Every structure is written in C-alpha cells, then in structure tokens.
Amino acid sequence: YPRLPELIEEIKKRGMTAFLVTNGTNPEMLRKLLKNEKYYPTQFYLTLSAPDEETFESVCHPLIDDAWNKINESLSLINKFKRSTIRLTLAKERNMVKPELYSELIKKADPEFIECKAYVWVGYSRYRLDKEAMPRHDEIKEFAQKIARLSGYKVVDEKEESRVVLLAKQDKD
C-alpha cells in the first residue's frame with residue numbers, strides 16, 4: 001500500500017495500535033517508515049517462511065524477482081523499529097528444518113522477539129498441504145527450544161491451544 005506511512009500515522013493519531021505484518025519482500029517501504037518515528041508501527045512482525053533460499057523457493061514459489069535478497073534486506077532493517085518480531089510459521093517437512101540457519105538469520109536481524117507458530121490446516125492452504133503438515137504443539141516447542149539455544153534467545157511464553165512459542169532476547173546483565 002503506497003500510503004502506508006500516512007495510514008500508520010493516522011492510526012496512531014487516533015490512539016489505536018498499528019500492528020504491521022510483512023513477508024519482507026518490500027524493504028523500500030520499510031525504509032520509508034524508518035524516515036520518521038511517527039510512521040513506526042506499534043508492533044512490527046516479519047514472517048520468515050524459510051531458513052535459506054532453496055527452502056524459500058520450494059515452499060513459497062515467489063512471483064517477484066530477487067525475493068530472497070529482499071527478505072534479507074528487510075531482516076537487516078527490523079531491529080531499527082521499537083518493537084520487532086520475527087514470526088516463523090512452521091509446517092512439517094516443508095520449512096520446519098535447519099534451525100541453525102534460522103538462528104543465523106535471527107542473529108543478524110536482532111529482533112526483540114521470535115514467535116514460533118504452527119501452520120494450521122485451514123482455508124485455501126488445505127488445497128496445497130496435507131493435514132499432516134500441521135505440527136503438534138510439542139513439536140513446535142522442541143523446534144523453538146533449538147532456535148533458542150542456537151540464537152541466544154529464551155522461551156518466555158507458550159500457548160498450547162494456539163501451537164505457539166514466544167522467544168525473547170536474553171537480558172545482557
């Protein structure tokens with residue numbers, strides 16, 4: 001949306017929360033938002049759908065050129081926002097692989113939070129994936145714990161019914 005900065009500014013003027021979620025393929029817009037704090041969303045989420053370019057290409061089948069490089073560029077910008085989160089929406093045998101590579105990307109991006117969340121077999125995705133691609137909560141928790149160990153983050157919360165585990169930066173005392 002070309003007027004996203006103005007939209008975020010208006011939302012905040014009205015005393016509401018501006019919650020922005022991106023797939024990271026438009027780093028130019030992130031640069032626009034970073035030009036002025038009034039354009040900063042209250043909460044910024046970047047959904048990281050793969051740990052490497054090969055997995056990204058096979059899972060996402062991007063329609064735009066240079067998508068993986070754009071995502072990496074966006075990852076380099078997210079820690080400039082006040083409250084940033086990388087969301088990993090994980091599907092078994094698709095992108096729930098290579099926690100060490102996810103951890104390298106996370107360390108470079110340096111977000112405040114990481115959300116490890118299970119893919120849920122709903123909507124149109126049911127035509128693309130089998131129900132078996134949906135991880136159980138214990139599988140998400142185990143994967144999140146690997147990410148935590150490798151990235152230096154710690155598990156701070158989880159919701160079993162939502163199949164989600166939240167990681168936060170370790171205090172540097």
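Strand S1 (residues 19-22) presents a covered face, formed by Leu20 and Thr22, and an uncovered one, formed by Phe19 and Val21, strands being DSSP runs of E with at least two residues and helices runs of H or I with at least four, each numbered from the N terminus. The structure is a predicted model, in which local features need pLDDT of at least 70 and side-chain atom pairs count only at pLDDT 80 or more, whereas totals for chains, interfaces and linings use all residues. Residues are numbered from 1 along each chain as its sequence is written, and side-chain values use heavy atoms, with hydrogens and water left out.

S1 pairs in the parallel sense with strand S2 (residues 43-47) over four bridges, where pairing requires that DSSP find at least two bridges between the strands. Within this pairing, threonine 22 has leucine 46 of S2 as its bridge partner. Together with helix H2 (residues 27-34), S1 and S2 make a right-handed β-α-β unit, that is, the path from the first strand over the helix to the second runs clockwise when the strands point away from the viewer.

Histidine 137 lies in helix H6 (residues 137-151) and counts as buried because its relative accessibility is 8%, buried meaning under 20% relative accessible area, exposed over 50% and partly exposed in between (1.4 Å probe, protein chains only). When residues up to four places away in sequence are not counted, histidine 137 touches Glu158, Lys159, Glu160, Arg163, Val164 and Val165, contact being defined as heavy atoms within 4.5 Å.
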